[in-house]
Amino acid sequence: MSHPNDPALRSFIPVEADSDFPIQNLPYGVFSTAALPTPRVGVAIGDYALDLWELEQDGLLNFDVGPGVFAGRSLNHFMSLGPKVWAQTRARISELLRHDHPELRDNAQLRKLAFVPMKDAKLHLPFAVSGYTDFYASKEHASNVGIMFRGKDNALQPNWLHMPIGYNGRASTVVVSGTRVQRPRGQLKPPNAELPSFGASRRLDFELEMGAVIGQASPMGETLTEAQAEEMIFGFVLLNDWSARDIQQWEYVPLGPFQGKAFATSISPWVVTSAALEPFRRHGPKQDPAPLPYLQQAKANNYDIELEVGLRAASMNTPARICRTNFKYMYWSSLQQLLHHASSGCAMNIGDLLGSGTISGPEKNQRGSLLEISWNGTEPAEIGSGITRTFLEDGDSLVMRGWCQGDGYRVGFGEVEGTIVPAK
Ligand code: MN
């Protein structure tokens, strides 16, 4: 049997070359329909969601793991079964979708039930988020922000090259793409004000990130090896770490971000598995100085994922592209972030979400936040005929897309979209 990543594989479901969801991808999500409002697990293939619960009930997906794995409203149950079952399931779904495999292809009745046109599928948050941690792992992003606030000579803090810097964020406000984001309120103290006031943020921003989805737990008190950490990362989503820069700037000393980040984080609905990303592994930038032994990695743990960000003001029909970059530029890999996270003996849980940190590249058009694009509000960006932005305004819609480009196909993430609504 062919490997599920074989570029030559074809499905009996038609898939365009620029579709995010060819047979080589098979990302997992949770969806419901008007006809059946109970959320269940599916995979994306072309313009369809394939209902895995339906296949399970028909006896096409059974691995001696008990019934109902795909009936739940989250991927957590499936993820808990571990990497062996993930690989078996991926291989089996790939087989069932192949153009030369008759089992599902020739079962017209089951096909009618199991393939839901994507436009009829309501996509839900794909997993129950146990904990959300956000990092700061792009050297270009950290340098840009450092130069803005501390000057060129002190751009990177002394610890930055020695560990992936992170903070514990809020799992309670991680939402799926399409969820409206209300402008947050908080304490504001512009530089010229003597005292802080409480009100709606005036410097609302996005951060282009990838989120690593943790699919296996690690016990409290244990540290991880590279091989163990690798087995724990189920997959990745696109992530927008919405940020209120004015709230953040006043509150962050000395414990780091808090309310400036806590109000919302958006993720894409389809979790692209680490298995599907395997052909797109790349070495990250050379790490100098060499990291401490517990952070050293033998494998290429970065990924070649093309990323772009579009911004659409309420008066515009289509988004203007404001950033085009790549996940491969990250200085610290998601795997190193997981190693570091567990290094103190911190337990990791199924459903933990690790935000990569803002992804910026070396070029000016590769900046992954408005803070950098508008250089802290001093260089407004033109996004359409006469429309400029320094930060996000009410009614603005922010869209992130990502994909790995294969030879004649792409392994894509779909999109994560969020529209800003006025503060309460
Ligand atoms: Mn962030």
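The model is predicted: local features need pLDDT of at least 70, side-chain atom pairs count only at pLDDT 80 or more, and totals for chains, interfaces and linings use all residues. Residues are numbered from 1 along each chain as its sequence is written, and side-chain values use heavy atoms, with hydrogens and water left out.

Start at the metal. Asp134 (OD), Glu207 (OE), Glu209 (OE) and Asp241 (OD) are the protein donors of the manganese ion, 2.1 to 2.2 Å from it. Donors are N, O and S atoms within 2.8 Å of the metal (3.2 Å for Na, K and Ca); water is not among the atoms, so sites may look incomplete. Along the chain, the donors follow the spacing D-x72-E-x1-E-x31-D. Aspartate 134 sits in strand S6 (residues 132-135) and glutamate 209 in strand S13 (residues 208-214), 75 residues apart. Helices (H or I, at least four residues) and strands (E, at least two) are DSSP runs, numbered from the N terminus. Aspartate 134 is buried at 2% relative accessibility; glutamate 209 is buried at 0%. Buried means under 20% relative accessible area, exposed over 50%, partly exposed in between (1.4 Å probe, protein chains only).

Now the rings. The whole structure holds 12 aromatic pairs. Rings of Phe, Tyr and Trp (its six-membered ring) pair if their centres lie within 6.5 Å; planes under 30 degrees apart count as stacked, over 60 as edge-to-face and the rest as tilted. Tyrosine 28 and phenylalanine 78 form a tilted pair, 5.0 Å centre to centre with 45 degrees between the planes. Tyrosine 28 belongs to strand S1 (residues 28-32), phenylalanine 78 to helix H2 (residues 76-80). Tyr28, Phe70, Phe78, Trp86 and Phe234 form one aromatic cluster.
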